[in-house]
Amino acid sequence: MKKLMMFFLMGILLTGMTACGNKKAEKDVAAQFTNSVFMGDSITEGFAINEILPEECVIAGAGATAGFTYDDIGALVSKNPDNVFIMLGSVDILMPVDDPKELFRNDLTKLINKIKEELPDCKIYLQSITPVTQEALKQEPRYERIEEYNELLKELGDKLSVNYVDIGALAEETPDLFAEDGVHFKKEFYTLWLKKLSESL
């Protein structure tokens with residue numbers, strides 16, 4: 001009985017240590033982004049909602065487009081970050097205009113040029129638009145254009161001399177980490193996302 005109890009207690013202790021280790025690893029990765037800002041829509045907002053990053057590091061919200069995010073440049077400048085990570089496009093694809101892709105190109109170019117002008121020492125990272133599940137695609141066929149928009153992001157990265165990081169590949173490697181709606185992500189995905197970005201710093 002004593003032996004059983006010892007094994008039981010050791011099991012609890014080891015589980016606790018593993019959990020603490022994971023939390024420490026999460027904190028270590030997040031610590032690399034203390035003077036960074038993440039801009040985007042509700043997908044990026046998940047960093048703050050899931051408490052992966054502090055709220056002051058995240059300028060994001062549901063419905064954000066490249067055009068709407070331009071209004072947040074003042075808030076970004078006040079934080080004076082070393083790095084800014086931008087993920088936009090998921091909402092821009094759905095804009096009810098004749099040519100949403102051209103609007104996205106123009107708005108994002110304007111946004112990046114303004115950030116460069118206001119924060120010349122800040123490193124800018126453009127992140128790919130993350131894919132959606134087949135179920136989400138059935139609900140919203142316009143998401144079929146995600147790869148087309150990602151090609152545009154790569155092109156803009158080259159043209160404007162900013163870094164491009166493919167986060168879409170990471171989402172494809174971890175399909176179990178999609179949220180129920182097939183567009184957003186579970187908390188665990190955000191830690192992997194940060195690890196991926198830390199390789200680009």
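Buried means under 20% relative accessible area, exposed over 50%, and partly exposed in between (1.4 Å probe, protein chains only). This is a predicted model, in which local features need pLDDT of at least 70, side-chain atom pairs count only at pLDDT 80 or more, and totals for chains, interfaces and linings use all residues. Residues are numbered from 1 along each chain as its sequence is written, and side-chain values use heavy atoms, with hydrogens and water left out.

**View A. Salt bridge between Glu-118 and Lys-114.** The pair meets at 3.2 Å, N to O; a salt bridge is a side-chain nitrogen of Lys or Arg within 4 Å of a carboxyl oxygen of Asp or Glu. About one helical turn separates the two residues, because they lie 4 residues apart in helix α5. Lys-114 is partly exposed at 22% relative accessibility, and Glu-118 is partly exposed at 36%.

**View B. Salt bridge between Glu-155 and Arg-105.** The closest N and O atoms are 2.7 Å apart. The pair links distant parts of the chain, 50 residues apart: Arg-105 belongs to helix α5 (residues 100-118) and Glu-155 to helix α7 (residues 146-159). Helices are DSSP runs (H or I, at least four residues), numbered from the N terminus. Arg-105 has a relative accessible area of 21%, and Glu-155 has 42%.

**View C. Salt-bridge network of Lys-101, Arg-145 and Glu-148.** Glu-148 is partly exposed at 33%, as is Arg-145 at 27%. The whole structure holds 8 salt bridges.

**View D. Cys-57 and Cys-122.** Cys-57 is buried at 5% relative accessibility, and Cys-122 is buried at 10%. The count of disulfides (pairs of cysteine sulfur atoms within 2.5 Å) is 0.
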